[in-house]
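I am opening a notebook page for a structure that is new to me, and I want to write down what I look up as I go.

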Amino acid sequence: MKKIFKPAHCAMGLMAAVFLSGCAETTFLSSSIKHAGSDKPVAGHYKVGNPYQIQGVWYYPAEDFEYVETGIASWYGPQFHGKPTANGEVFDMNQVSAAHRTLPLPSWVRVTNLENGRSLEVRVNDRGPFAHGRILDMSRRGAQLLGFEKQGTARVKVEILKDQSLALKNSMVNQIAAKDSPIKSAGMAKPQVSAQSLSVPDGGKAAAQPAPVQRQVMASPEPMVQTPTRDPQVQAMSNTVRTFPVSETQMFVQAGAFSKFENANRVKASLAAVGGDVEVSQVLVNGQDFFRVRVGPVQDVARADQILENVIQAGYPAAKIIVEKGKG
């Protein structure tokens, strides 16, 4: 659920000064220094980035082409419309795009709304969200197509599209090489999409706009590459909605996963006062046993957010909200 900021608070946030993270290369800029784009092609570049810290939590960008995660997605729009994304492109809330904390920029992911079965292929070109308990920030258009603009959040599954992401990376790297070489690069072939594009869900435009959570945007000194502002084929991919069967889901707040049961049991004992049932469950990951410490199941996002903050305050800043199929 989106946090609502008073206008005065938002204004103060927009006027915030530039501040540095613990990482030498990573610089965060306040949204007040962003500027609107023009009709010229957007200057964007491929980047991964160094580890960085936000509100006591460390994030580690990486080229993880096996990435799959479930959790809560939110959306952002008017406050950042026309301003630079973390890889130097211009954010357009009326186009489908997304922000992620660690995936390469840009990359392609499939986002599935686990509550209604709607699924989109989305181009990730920004960093965020930095609110605890969120794994992805969709543009407003993306939230409309996935059917959660009005409610503000949704339980989602996010999985990287390896082939499309590698093709996009290679295409952009080849553009950099072509600028310094007389030999023209042919680039990579774009993936084809045969499904039909759908319009914005009924009532999408008329929905009230919740105030987006204030986000920090990462600037990068890496070289720029000119990329088209509106690629028709990219738009076709991003506006193609598929629908999958829906299953019951449940939410947990996971404090961590441990290789030794004794450690997991100690964490369980330390979380007795956070609210909700604390459980230790054994799982097999890549042939190795782990013991997860979770609070739940939790019925709604607001309650999950509250428990998550309690767990973080108890000394587990890497805690997160997990969504999985319900039992029965």
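**Entry on a buried methionine**

I began with Met138, which has a relative accessible area of 0% and is therefore buried, as that word applies to values under 20%. I note here that I am reading a predicted model. Looking up where Met138 sits, I found it in strand β10, which covers residues 136-139.

Which residues does Met138 touch, leaving aside those up to four places away in sequence? I listed Ser74, Trp75, Tyr76, Val96, Ser97, Ala98, Val111, Leu120, Val122, Ala143, Leu146 and Phe148. For one of these contacts, Ala98, I also looked up the spacing: its C-alpha atom is separated from that of Met138 by 4.4 Å, although the two residues are 40 residues apart along the chain.

**Entry on a four-stranded sheet**

I then turned to an open sheet of four strands, whose order I wrote down as β16-β17-β15-β18, with antiparallel pairing. Strands β16 (278-285) and β18 (320-325) are at the edges and have a single partner strand each, so one side of each lacks a neighbour in the sheet. On average, and with direction ignored, neighbouring strands of this sheet are turned by 45 degrees against each other.

Within the sheet I followed β15 (residues 249-258) and β17 (residues 288-298), which run antiparallel and are joined by six bridges. Val253 has Val295 in β17 as its bridge partner.

**Entry on the helices across the sheet**

Helix α5 (residues 261-270) lies across β15, β16 and β17, and I noted that it runs at about 15 degrees to β17. Helix α6 (residues 301-313) lies across β15, β17 and β18, running at about 10 degrees to β15.

How values were computed:
Residues are numbered from 1 along each chain as its sequence is written. This is a predicted model: local features need pLDDT of at least 70, side-chain atom pairs count only at pLDDT 80 or more; totals for chains, interfaces and linings use all residues. Side-chain values use heavy atoms; hydrogens and water are left out. Two strands pair if DSSP finds at least two bridges between them. Helices (H or I, at least four residues) and strands (E, at least two) are DSSP runs, numbered from the N terminus. Axes are lines fitted to C-alpha atoms, for helices over the stretch in contact, and angles run from 0 to 180 degrees between N-to-C directions. Contact means heavy atoms within 4.5 Å. Buried means under 20% relative accessible area, exposed over 50%, partly exposed in between (1.4 Å probe, protein chains only).
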